[in-house]
Amino acid sequence: MSTKKGFTTTILHSDRLLKPEFGALHQPVHHGVTWGFDDVQDLVNVFQNKAKGYAYSRQGNPTVTALEHQVTQMEQGMATVAFSTGMATITAIFVALIKSSDHVIASSYLFGNTRSIMQTLIDMGLQISFVDATSVDHVKAAYKSNTKMVFVETIANPATQIADLEAIGSFCEAHNLIYAVDNTMTSPYLFRPITVKASLVINSLTKYIGGHGAALGGSVTDTGLFNWKDFNNIAPILREQIKPQMLGITQIRKRGLRDGGGTLSPEAAQAIAIGSETLALRMERACSNAWTLAHFLEDHPAISQVYYPGLESHPQHQLAKSWFKHFGALMSFSFKEGIDTLKCLNELKLVIKSSNLGDTRTLAIPVAQTIFFELGAERRAEMGISESMVRLSVGVEDIEDLIQDFRTALDK
Ligand SMILES: *Cc1c(COP(=O)(O)O)cnc(C)c1O
């Protein structure tokens, strides 16, 4: 069904494929921590990966499974593991698959907390090279014999740089490197990283997939493209039990989720699963709003620069056009000198001053004073983040109301 039907139809009918009790339309919330077995052999078989089933909710729960199944279909991947947050997902991937003698190449344009956890891993002995991932040449230059993984985001936040997704995918394929792509900013509705040969696709379910800003969650999807059989960090015991293509995702479930414990609650899983049913509808509206608003802001005399892949002035505009269904719903802009950023933001009455993104409501945040404050002025300048930069996560409000809110605030 997943390959034949459209995006939304597939998600809407996803739970019923797993046949919930009484013909329920949604997989119910299973609160139980543990499951009981009449025959102890059945319990043993679950433990030894010989039978499907649930033993203890930290590493699997039917409500969470239903969401994982949905994400797998959205990404057209092979299998998914969900976590309590996007950050728990990213941490688990490193813990499960990478050793301290390994080298990882990561984009220098990363979500702030992703960059921060990577710094912690460097402090623990891992080698990570940060490169400008808008060109594969920088990835190639950083490659070493012990490189195991390349980690990029599709569209980076806040300045919307786009990674050289396709060329990096070919490079990873040629060198047997895990290609981990954080698809949060595009979501599987705008872009499927499997099309550029990603091995692992990360989504913060907190953002567009959940959409309502009411539940945290994260996921990693194995696209089925990576050759885990020849990957030497797979635990020998798993090789005996698991078929080769499932080795990577199983090790993430065991070492990352079961041992790390960043488990998604069943309540949050259901809230996200229901939110995801309208992902396509919300993205259509939010991307259209963002496109209109970006053009309005670009023409406004109070604004010096707008960063949005949908503008012709964006350095990767053509690539974004060829890869993504739409240009996304996130943008940043800088005020002209002499304008008080915080004062101007306070003039916005409809737009909420908030740090989230991917919400149904439009959210604005001054970047230098908040999410990139800890970096200090020097690193911000290096990263091209001006002191007056504002990040805007555009929601699904009526566009006339959004334009009106900005017009009133900016004209003051
Ligand atoms: C928000 C975000 C994360 C982290 O997700 P949480 O669910 O907040 O932990 C990771 N990557 C990107 C690109 C994000 O925007």
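Q: Which pocket does the ligand take up?
A: The ligand takes the space of the second largest pocket. A pocket here is an open set of points on a 1 Å grid over the protein atoms alone, with protein on both sides within 12 Å along at least five of seven lines. A molecule sits in one if more than half of its atoms lie within 2 Å of its grid points.

Q: What kind of model is this?
A: The model is predicted, with local features needing pLDDT of at least 70 and side-chain atom pairs pLDDT 80 or more, while totals for chains, interfaces and linings use all residues. Residues are numbered from 1 along each chain as its sequence is written, and side-chain values use heavy atoms, without hydrogens and water.

Q: OK, which residues are around the ligand?
A: Those with a heavy atom within 4 Å of it: Thr85, Gly86, Met87, Phe111, Glu153, Asp182, Thr184, Met185, Ser204, Thr206, Lys207 and Gly217.

Q: How many of the shell are charged?
A: 3 are charged, 6 polar and 3 nonpolar, with Gly counted as polar.

Q: What does Asp182 do there, in distances?
A: A polar atom of the Asp182 side chain is 2.7 Å from a ligand nitrogen. For ligand oxygen atoms, the distance is 2.8 Å to a side-chain N or O of Ser204 and 2.6 Å to a polar side-chain atom of Thr206. The cut-off for a polar contact is an N or O pair within 3.5 Å.

How values were computed
Polar contact = N/O pair within 3.5 Å; in protein donor to acceptor, adjacent residues only side chain to side chain. 1 Å grid on protein atoms, 1.4 Å probe; cavity = no way out; pocket = protein on both sides within 12 Å on 5 of 7 lines; lining within 4 Å.
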